[in-house]
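Please look at the sequence and the 3D structure shown here.

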There are 2 protein chains.
Amino acid sequence: LNDLNTTEIIDFPCVNSKEASLFVYESEKAVPFIVKRVFTISTTESCKRGFHAHKECSQLLVCMQGSCHVILDDGRTRKEVLLNQPNIGLLIPPMIWAEQAYEANTILMVLTDRLYEESDYIRDYDAYLKYRNVK
Amino acid sequence: LNDLNTTEIIDFPCVNSKEASLFVYESEKAVPFIVKRVFTISTTESCKRGFHAHKECSQLLVCMQGSCHVILDDGRTRKEVLLNQPNIGLLIPPMIWAEQAYEANTILMVLTDRLYEESDYIRDYDAYLKYRNVK
């Protein structure tokens, strides 16, 4: 099972001009998989979300605006990553527990290698630890 | 060759709560292709971009924040589409000329069915018309 060492910060190409910046996320290039699903989260207030792990799905998180603290947990260790730049992504492989603390007016974009499947989610932390044989 | 009737407005699923909204873009579901490339454009000032067509690449434009007027042109007719909601996308198939007028602080997300290839771009409008045999 993946531990925290398998999470990864990925740097994406960007092209800046005076008026605009362009950021590029290509499947099987800087994005290490073919993108099956994109979702975005736009917050109006500061809030916490996540609190789950995925059995099979890999996720790549990019903060387009605002900021998001991501807590990563493999059942033995925890670490925190701050996302606040569109050219920086956080790769979360399967079986890593993740929580996100958003500030208001944040836009997070998530690229994943699988379509949505509710059965892929582990939403209970104790169940997660048992799944990992930590408990 | 595609004409303007092949451009399409697509409605994406969203899940709203008091604190945040989640928008979902799934390959071969609401997104009518497998996503090979994602790029985003963040503007600091109002500006115009685009001014090209693609020979093979399809693009799906979604405005995450702010607003973007998209002008579509097939060599015979022009139309304008306003994008300003994350749950609405504009599908631009190959061989449609497109121009975008952004307001400041806009974030546009573009999903495409091909990786970047400079040879896929037609950046000259007269060349575009010749390509379509309009001229």
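Two residues are in contact when they have heavy atoms within 4.5 Å. By that rule, and leaving aside its neighbours within four places in sequence, B:K48 is in contact with B:Q100 and B:A101.

Some conventions come next. This is a predicted model, in which local features need pLDDT of at least 70 and side-chain atom pairs count only at pLDDT 80 or more, while totals for chains, interfaces and linings use all residues. Residues are numbered from 1 along each chain as its sequence is written, chains are lettered from A and ligands numbered from 1 in the order in which they are written, and side-chain values use heavy atoms, with hydrogens and water left out.

Chain A has one helix and twelve strands, where helices (H or I, at least four residues) and strands (E, at least two) are DSSP runs numbered from the N terminus. Along the sequence their order is β-β-β-β-β-β-β-β-β-β-β-β-α. The C-alpha atoms of chain A fill a box of roughly 55 × 35 × 25 Å along the principal axes. The radius of gyration, taken over C-alpha atoms, can be set against a globule rule of 2.2 Å times the number of residues to the power 0.38. For 135 residues a compact globule would have a value near 14 Å, and the 15 Å of chain A agrees with this. Of the contacts in chain A with a separation of 6 or more, 78% join residues 24 or more positions apart.

How much of chain A is buried? Buried means under 20% relative accessible area, exposed means over 50%, and partly exposed lies in between (1.4 Å probe, protein chains only). Buried residues make up 53% of the 135 residues in chain A.

A:S58 is an example from a loop, the one between β5 (47-54) and β6 (59-65) of chain A. A:S58 counts as buried because its relative accessible area is 12%. Leaving aside neighbours within four places in sequence, its contacts are A:F33, A:I92, A:P93, A:P94, A:L111, A:T112 and A:D113. A:I92 is 34 residues from A:S58 along the chain, with 5.8 Å between their C-alpha atoms.

B:K48 belongs to strand β5 (residues 47-54) of chain B. B:K48 counts as exposed because its relative accessibility is 62%. The C-alpha atoms of B:K48 and B:Y125, 77 residues apart along the chain, are separated by 15 Å.

The last topic is the cysteines. A disulfide is a covalent bond between the sulfur atoms of two cysteines. A:C57 is buried, at 2% relative accessibility. For B:C47 the closest cysteine sulfur is in B:C68, 8.7 Å away, which is also too far for a bond. B:C47 is buried, with a relative accessible area of 7%.

Definitions and conventions
A disulfide is a pair of cysteine sulfur atoms within 2.5 Å.
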